[in-house]
Amino acid sequence: MTHEAGTPTAAGPAPRGWLPAEEYAATLPKASVFGAVFFTDEDDRPLHLRAVYETGHPWQWPGGTADPGERPWETAVRETEEETGIRMPGPPRLLAAVFGLPGARWPLATTGFVFDGGRLTARQIAAVTLDPDEHDEVRVLPLEDWRPLMPGKDFARLRAVLHARRTGMPAYFDTWDWD
C-alpha cells in the first residue's frame, strides 16, 4: 500500500518519498479488462462470432470489455447473453488469462479472462441470437480451418485455449499485443 510521505501507518511511519495512492496510481500503466466465453460444439470444434465492426480480428468469442465495477466473470456472463442469448450458469471455470501491450489501434494494455462455456449441441448453436450491431455470423469449424481466417496471434491464442480445455490446465497467453 502506498502512503503519503511521513504519514504513520499501523506498522509505524511510512518511508519518506512514498506518494499518496492517487498520485502513485497516476504513474502506472493503464489497462482494460475483458471477459470472454469459449464454446465448442459436441465434437470440440471452436465456435466464433464474426464482428461487423472489426476487420483486423474478425472472429471473436462472446465477451467484451468490463464495465466500471464489474468483475471479469460478470462481464463474460453479461456480454455472452447480450451477444448470443446464452445465459451462463456458474461457477466459472477459467481457461486462460490473456495479456496484450498497448499499440496504435488501442492505447491501453489489455488483460482478459477466458472462461469455459462448455460444449453446445447443434440445437443450442442454431438458437444463438446475434446482436446485429456487433456480429453477423456464428461459425463452428475444426481447429485448423480457423487458421486462414484469423491473424496468427489470434490462432495461437485459440490453440492455447483449446489446449487448456483439453488438459484442464489454464493457459497464460501474453503475446496478444495490439499492433
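This is a predicted model: local features need pLDDT of at least 70, side-chain atom pairs count only at pLDDT 80 or more; totals for chains, interfaces and linings use all residues.
**View 1. A nonpolar patch on the surface, built from L19, Y24 and L28.** Here we look at three side chains that come together on the outside of the protein: L19, Y24 and L28 share about 240 Å² of accessible area. Y24 belongs to helix α1, which spans residues 21-26. With a relative accessibility of 38%, Y24 is classed as partly exposed, because that class covers values between 20% and 50%.

**View 2. Strand β4 and its two pairing partners, β9 and β5.** Take a moment with β4, residues 47-51, which is mostly covered, as 4 of its 5 residues are buried. Strand β9 (residues 135-140) pairs with β4 in the antiparallel sense, and 5 bridges link the two. To find your way along this pairing, look for A51, whose bridge partner in β9 is H135. Strand β5 (residues 59-60) also runs antiparallel to β4, joined to it by 2 bridges.

**View 3. P148 in the loop between α4 and α5.** Helix α4 covers residues 143-146 and helix α5 residues 152-167, and P148 sits in the loop between them. P148 has a relative accessible area of 67%, so this proline counts as exposed, the cut-off being over 50%.

Notes:
Residues are numbered from 1 along each chain as its sequence is written. Side-chain values use heavy atoms; hydrogens and water are left out. Patches are made of residues with over 30% relative accessible area and no salt bridge: like charges are joined within 9 Å, nonpolar side chains (Val, Leu, Ile, Met, Phe, Trp, Tyr) within 5 Å. Accessible areas come from the Shrake-Rupley method with a 1.4 Å probe; for residues, only the protein chains shown count as cover. A salt bridge is a side-chain nitrogen of Lys or Arg within 4 Å of a carboxyl oxygen of Asp or Glu. Buried means under 20% relative accessible area, exposed over 50%, partly exposed in between (1.4 Å probe, protein chains only). Two strands pair if DSSP finds at least two bridges between them.
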